[in-house]
Each structure stands twice: as C-alpha cells, then as structure tokens.
Amino acid sequence: MKVNLLDFDLENLAAYCQTLGEKRFRATQLFRWIHQAGACDFDGMTDLAKSFRDKLKTQACICPPNVISRKSSADGTIKWLFDVGNGDAIETVFIAEADRGTLCVSSQAGCPMGCLFCATGHQGFSRNLKTSEIVAQLWCAEHDLRQHIHTRERVITNVVMMGMGEPLQNYRELLPALRVMLDDHAYGLSRRRVTVSTSGVLPKMDALGRDCPVALAVSLHAPNDTLRSHLMPLNLKYPLADLLSACLRYLEHAPRDFVTFEYCMLDGVNDQDKDAHELVALIRAQGHPGAWCKFNLIPFNSFAASNLRGSSVERIKAFASILNNAGLITTIRKTRGGDISAACGLLAGDVQDRTRVKLRMARRQVLDQEA
Ligand code: SF4
C-alpha cells in the first residue's frame, strides 16, 4: 500500500524523505508542491530530481477522499461531502465574508459525545479521521476555490475545527494536521486564525496548550452543571468548575488573550434572563481580572431528530444585552448556509445515520474511558 503524503506534517515528511535517501530541503520542496501548489502528480514537480520523483511514484501518493457532492448556498456558503469509506461521509463548509474566508473542518466521522442539540451527535459515531482526511478537507477546498475564482492567492484565511466530531477526542491525528495548517511552507495560517472547538475534553485542552496553542472555543451552552450535564453528557466527567479552570490554564499559552464560549440558544431551556445572570456570576466567580472570555450566541437550527426549538431573535438579543451590560463581550452568530444544511449544528444532514445502539455504546465509552 502506498504512503499517503497528506498524512505528514513537515517533520514527518522530512523523516519519510530521509528513508528514501533524500535531504530535508527536498522534503520542503515536496511539501510546497503538495500544499501550496495543490499538486498530486509527481511528474509535474519539475524541480525535484527525476530519481526522487520515480521513487515517490512507486511508494507514495497524494490521495484525498473522493468528493461526493459540492453544494453552494445562495449566500455564498459552500459545502463539500467527502466519502471516507465504509459508508461514512464527512462534511466541510466554507463561509465567505468580506474580510475573511473560513473553512469549518470535521475531525471525526460522526461524533460520540451525544450533545442533545447537535445533529452530528444524534447521528452517532463511526471513527476518528486520519490526519490525511483532516488535511485533505483544507487541501481540496483551498485548491477548488482557487480554481473557481481563478486566483493563485490564498482564499482560506481561517480554519475552525467545528465540523463533525470532537477534535480533542482525536488528538493524535489532529496535531500533525494543525501543524500543516500553520506551516509557512503549506498554508501559513496564524495561530490566531486556527480555532479548535471542544466540548471540554480537559486533559487534551492542557496538551493542546503545551503542544500547539491555537485559538480555543469551548462549547458551554449552560450556566450550571445540572443543565449542562443534561445537554452534554461529557459534563458528568468534566464539570464546569474544572472546565473553567482548564480554560484559564490554556490562556497562559494561547495566541489570543481570551477563550470563546459557544452558547446555543434553546427556547425555554437555557435562554432565560435568570440563565444569563447565572452565567455572569459563573464567569465572575473565576476571579480572573480582565476580559478573558467572549460569548458567541448561536441561533439553534432545529433538525428532525430533535425536540428542541430555537430561541426567538428578541430573546437572543435580550440575553446578549444582559451579558454585554455585565461587561462580557457577546456576539450573535449569523446563520449561514441554511438552504444547504451547512448551518451550525446541522452537519449530518446528508450523512447516513448510525444506529441508536452504536450511539449509546459510544456515549458510554466517552464517559468510561480517559479522553
Ligand atoms: S456539539 Fe460537537 S461535541 Fe457535541 S455532539 Fe456535536 S459535534 Fe460532537
């Protein structure tokens, strides 16, 4: 079986090239061809020696997953569906804005975390993605977009690990993928423009701070443990007090001086004035001076398997005012790509459902195992 070069960050590629008898600078050239030029044909890599190209042709490949579909929304949002084998598919979404192009990347096929308000969580869990499958989402989207708008300039300026899956449950494969995104010989994204979003896998939050500190977003969604454990089973293992302490530890390494808290607005569940006041008290109780966190309120997109409803626009605005008036910087996320099921929390719409049994087993594993 051929080695898929999309699995390697530059260090690993250099080590691999060494096994072929090639020096490090050859690995850097190859890395640029793959990620900056979007090449997948070794013959076209004209500044590499023919003998090196011949070795690569027999032993290696640049193999992204097949694209099943590519849908464009009326608002310019684009969603790709990738076939990752064995009946599994993953989704990747590009959101174009005036000053940035953000790619929302998946880290798992399905998700074992079982958050009540999340379409992916309802779908169940199949497996962790490989590094190559995480990197390939960026590789495919970047070069597809360049082709479509006829440019050689970089189109994707930000990556958010907020697609399907809990990225920190797949830490081993995530780490090299993040390094590829940040590498100046590949995509050259700044640490501030790569965000890992987590439901709160604490040991891996600490590891990420040590190994590859990028921007951090945490799914909070509730102001107390009772409600959060109901909405997010992982809270039974890592309750709020421990989660917030881990966020403050992360800030010692983070490229930004704040953590973003995601808060999905659920009608009558977590969206009342009393919930907002409880949230303010929770943040203040950490005793950390300064604006160390920001809130991002997410309008909930309902889906077939859910019996939850989204809060009204007025309720979301009232909730935001309480947080803002208390000095917590709060924004309301614009819903994008709703017509192609690319909006937040809807990534699973085109993906085959896993069985409920499989989902229950995965949930039990999350709570039983060390993350
Ligand atoms: S919100 Fe994130 S962690 Fe929770 S089930 Fe959905 S994808 Fe998984």
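**Before starting.** I kept in mind that this is a predicted model.

**The core.** I looked up the largest nonpolar core first, and it has 113 residues. The residues with the most contacts inside it are L5, L30, L56, F117 and F261. I then checked the domains: this core takes at least three residues from domain 1 (3–61) and at least three from domain 2 (66–368). Next I picked out L56 and listed its neighbours. Leaving aside residues up to four places away in sequence, L56 touches L5, Y16, L20, L30, F42 and L48.

**Helix α7.** Which residues of α7 (residues 202–211) are buried? I found L202, M205, A207, L208 and G209. I also asked what covers them, and the cover includes the helices α6 (171–182) and α9 (240–251), along with the strands β10 (194–198) and β11 (215–219).

**The second largest pocket.** I noted about 320 Å³ of space here. Its lining consists of Q36, A37, G38, W139, C140, H143, D144, R146, Q147, H148 and R152. Sorted by class, I get three nonpolar, five polar and three charged residues. Both domain 1 (3–61) and domain 2 (66–368) supply at least three residues each to this lining.

**C111.** I found C111 in the loop between β7 (108–110) and α4 (119–123). Is C111 buried or exposed? Its relative accessible area is 9%, so I put C111 down as buried, the cut-off being under 20%.

Key. Residues numbered from 1 in each chain as written. Predicted model: local features only at pLDDT ≥ 70, side-chain atom pairs only at ≥ 80, totals over all residues. Heavy atoms only, no water. Core = buried A, V, L, I, M, F, W, Y, C linked by side-chain atoms within 4.5 Å. Buried < 20%, exposed > 50% of the residue type's maximum accessible area, 1.4 Å probe, protein only. Domains from an automatic or database assignment. Contact = heavy atoms within 4.5 Å. Helix = DSSP H or I, 4+ residues; strand = E, 2+ residues; numbered from the N terminus. 1 Å grid on protein atoms, 1.4 Å probe; cavity = no way out; pocket = protein on both sides within 12 Å on 5 of 7 lines; lining within 4 Å. Points joined across faces, edges and corners; volume = space filled by probe spheres on them. Nonpolar A, V, L, I, M, F, W, Y, C, P; charged D, E, K, R; others polar.
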